[in-house]
Amino acid sequence: MRVLLIKTSSMGDVIHTLPALTDAKAAIPGLQVDWVVEEGFADLARRHPAVNQVFPCALRRWRKHPFKARRSGEWGAFKSALQATQYDAVIDAQGLIKSAFITRLARGPKFGLDKYSAREGLSARVLDHPQAVAKGQHAILRVRQLFAQSLGYALPAGAPDAGLPREHVPASLSQPATLVFCHGTTWGTKHYPEVFWQQLVGLACAEGHRVYLPWGNDDEKARADRLAADFASAEVLPKMDLDALTDKLLSWDAFVAVDTGLAHLAAAAGMPGIALYGPTDPVLTGVLGARAQSLAADFPCAPCVQEKCTYRGELGKGVMPPCFSTLKPEFVWRELKRLSP
């Protein structure tokens, strides 16, 4: 069976899709999946054993410079590659206008979220077989349900399996271990306070562990440098692409992260770890893994799901964003050690 998957971005959304591929591969002998994904996540998509071919796209770049995309031949080559195969099923797992635009071009019966289930209901207009998948569930479960309904198999009862090969067995934190602290994210409100990160680095290094600090832009690099400055066992990583960073991630022992794609990747790979949630809702997008846990701020307005903090009360005074005042470093460290005794 040949299936075309449309799930272009973001990193967390791509990772949330991997368990559905594992389900489908187990249920359908000989399944081959081709995947349309943003070019920055192509190497990650290729890691799943169900994936036969990846079609990297650059919708963000193409939309900014449409004439350049046509003149360069990029758009034409992408469209030709997409339409070269008649698929048994085309699945739009994103439910957005941009994913519907690509889905419309593909050849084969089209499945996806119906107008009541999709984030952008108009995306369902291009579908031949719209599927009802209840909102309010975790994103991983929603994609697993969409695949099961679209391809006609029963949803497995077990825990989600991202299918990422991992040879390294994480060491216990009762002995010196390698930790990664994923401190970078997008919204300002999702950032764990830097002073808390400093305390966490100190707690880890004091117990003999080595802490690695990745970064993706100049601001994150500067923060990583500050966090590592006072600790010989803390190391700022060099600039890495996602593929190289994934290889590193699969060789470390545990993680602490904010709400970011790297947290989902680490959890999906079976790494013990903690993801910290202030303004966002772990019920919908928390990390899922055999040894990973989401810690949610216990605060009156959390989760607010806002990019800017509007809280003006006295609770958490001196901490920004104040909701993270309920997730002190000592508590986070205890929870991490509990997950990796």
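A search of the whole structure finds 14 salt bridges (a side-chain nitrogen of Lys or Arg within 4 Å of a carboxyl oxygen of Asp or Glu). This is a predicted model, where local features need pLDDT of at least 70, side-chain atom pairs count only at pLDDT 80 or more, and totals for chains, interfaces and linings use all residues. Residues are numbered from 1 along each chain as its sequence is written, and side-chain values use heavy atoms, with hydrogens and water left out.

**Stop 1: Arg61**

Select Arg61 and Glu39. Their closest N and O atoms are 3.2 Å apart, in a salt bridge. Arg61 sits in helix 3 (residues 59–64) and Glu39 in the loop between strand 2 (32–38) and helix 2 (42–46), so the pair ties together parts 22 residues apart in sequence. Helices (H or I, at least four residues) and strands (E, at least two) are DSSP runs, numbered from the N terminus.

Glu74 belongs to helix 5 (residues 74–82).

**Stop 2: Lys317**

Move to Lys317 and Glu314. This salt bridge has its closest N and O atoms 3.5 Å apart. Back at the previous stop, shared partners join Glu39, Arg61 and Glu74 into one network.

**Stop 3: helices 1 and 11**

Select residues 11–27 and 261–268. These are helix 1 and helix 11, packed at about 20° with axes 8 Å apart. Axes are lines fitted to C-alpha atoms, for helices over the stretch in contact, and angles run from 0 to 180 degrees between N-to-C directions. Look for Ile15 and Leu265, which are among the residues making the contact (heavy atoms within 4.5 Å).
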